[in-house]
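Here are my notes on the model below. Please read them with the coordinates open.

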Amino acid sequence: MKRLSRIFRLPGGIAVCMLGAGCGADYEIRTYVAPRENKDVVSSEALRSQFPGIPFKWKVPDTWRIAENDQFSVSAWETGPAGMEARITLSKLDAAAGLMQQVIRWRTQLNLKTETEEELAGSYREITVGKSTGTFVDISNDTETILGLIVSVNETMWIFKYRAPNATTKQTGDSFQKFVEGLEVADSGQ
């Protein structure tokens with residue numbers, strides 16, 4: 001009540017305006033969607049400046065799109081047809097995490113039985129990554145494939161992981177393999 005009595009003490013025109021401000025036609029709340037400013041794929045140089053520990057240089061295939069990171073990834077991309085996308089991530093772990101533990105974890109993600117180390121040997125092969133040696137992993141079940149590159153640089157295990165439905169892997173899996181084969185270890189990683 002005290003508030004209303006103050007309003008009525010104001011000169012007539014101002015009081016009428018203040019009372020009428022909350023009344024009348026309903027006003028519509030408008031929302032806008034702004035287009036994404038950065039449609040370009042983030043370059044390895046831009047990521048290395050943001051995350052100084054990334055020891056690689058790369059060229060991302062034109063068909064890859066930036067994707068949201070998860071709690072483990074430093075960078076993420078996607079490729080392939082809508083609803084059947086391949087997800088590609090770059091993550092890092094302490095080198096002590098171990099290659100075989102990673103292979104076993106990926107097999108578990110695909111609901112494959114964990115095998116002995118000798119039996120798992122057919123799931124991976126060594127490849128050259130700049131002046132380093134990496135391990136290329138290829139695991140699949142009836143519906144999905146995981147491809148990966150695991151390479152240790154400066155006591156850190158870097159993991160490039162590709163996961164997709166098998167049909168998408170037939171279309172885009174080669175682009176992942178060419179991507180990891182084209183990686184270079186940057187000067188800051190030496």
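1. The chain folds into six helices and nine strands. Both are DSSP runs, numbered from the N terminus: helices are H or I with at least four residues, strands E with at least two.

2. A caution on provenance. This is a predicted model, in which local features need pLDDT of at least 70 and side-chain atom pairs count only at pLDDT 80 or more, while totals for chains, interfaces and linings use all residues. Residues are numbered from 1 along each chain as its sequence is written, and side-chain values use heavy atoms, with hydrogens and water left out.

3. Of the 190 residues, 37% count as buried (under 20% relative accessible area, 1.4 Å probe, protein chains only). The chain exposes about 12,400 Å², by the Shrake-Rupley method with a 1.4 Å probe. Carbon and sulfur atoms supply 51% of that area.

4. Take contacts (heavy atoms within 4.5 Å) between residues at least 6 apart in sequence. Of these, 48% join residues at least 24 apart.

5. Strand β3 spans residues 73–79 and is mostly covered. Six of its seven residues are buried.

6. Which strands pair with β3? Pairing requires at least two DSSP bridges between two strands. Strand β2 (residues 65–66) pairs with β3 in the antiparallel sense over two bridges. Arg65 has Glu78 as its bridge partner in β3. Six residues lie between the two strands of this hairpin.

7. Strand β4 (residues 86–94) also pairs with β3 in the antiparallel sense, over six bridges. Thr79 has Ala86 as its bridge partner in β4. This hairpin has six residues between its strands, and Gly80 takes a positive phi near 105° there.

Note on methods
Buried < 20%, exposed > 50% of the residue type's maximum accessible area, 1.4 Å probe, protein only.
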